[in-house]
Amino acid sequence: RAPRAAGLVLGLALVGCASPAAGPTVSTATIPTTTSLPASPGEVRVGEQVYAFSGTCYDVGAGDVVVVGSGTDADGVAFDVLVQAFFGEPYLVVALADGTRIEPALDAPLDLFFDADEVRGTGISFVTGLDTEAGTAEPLGQGAGSVGCAAYVRGMPPGYGGGEEDGTSGS
């Protein structure tokens, strides 16, 4: 279940990534840090840990949405989030400043639903240290993710599959 976004890397250099198929690679240089759109609030829960973030929602067409966001956890650790609500290719990753990636287990279902300007997924089995070649990872527990899209940028995020921003739309 590798995401379509193999070219995009979440801001914090994602050191320790097992392989490109494990998830997207993101660089802060490719993600806009300011926008005239209202921020879209979201959170990812992994067991008792909550990662509250603010992001930008991208309407990539055909009912698919990508959310790129960032925040700081309760301990002051910065992180980035990527949510890919694509039909048949959902993906969600939290990338901590130390290079740790928190992402869904490959051997468990991942369903992200987009309805009424909200992306939501529950019952997600999260892991860290995912190595897609060896098929290993450290389980972190069950969790959920959600983000309410206040507004949208049309098209793919910059650096994401070659797409470029081409406009905005309200919710």
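These entries record what I looked up on the disulfide and the salt bridges of a predicted model.

**Basis.** I worked from a predicted model, in which local features need pLDDT of at least 70 and side-chain atom pairs count only at pLDDT 80 or more, while totals for chains, interfaces and linings use all residues. Residues are numbered from 1 along each chain as its sequence is written, and side-chain values use heavy atoms, with hydrogens and water left out.

**Disulfide.** I searched for disulfides (cysteine sulfur pairs within 2.5 Å) and found one. It joins cysteine 57 and cysteine 149, with the sulfur atoms 2.2 Å apart. Cysteine 57 lies in strand E2 (residues 49-61) and cysteine 149 in the loop between strands E9 (136-148) and E10 (151-154), so the bond ties together parts 92 residues apart in sequence. Strands here are DSSP runs of at least two residues (E), numbered from the N terminus. The S-S torsion is about -85°, so I noted the disulfide as left-handed. I then checked burial (buried: under 20% relative accessible area; exposed: over 50%; partly exposed: in between; 1.4 Å probe, protein chains only). Both cysteine 57 and cysteine 149 are buried.

**Salt bridges.** I applied the rule of a Lys or Arg side-chain nitrogen within 4 Å of an Asp or Glu carboxyl oxygen, and the count was three.

- Arginine 45 pairs with glutamate 43 at 2.7 Å, N to O; arginine 45 is partly exposed at 38%, as is glutamate 43 at 26%.
- Arginine 101 pairs with glutamate 103 at 3.4 Å; arginine 101 is buried at 5%, and glutamate 103 is buried at 2%.
- Arginine 120 pairs with glutamate 118 at 2.4 Å; arginine 120 is partly exposed at 39%, as is glutamate 118 at 27%.

Note on methods:
Helices (H or I, at least four residues) and strands (E, at least two) are DSSP runs, numbered from the N terminus.
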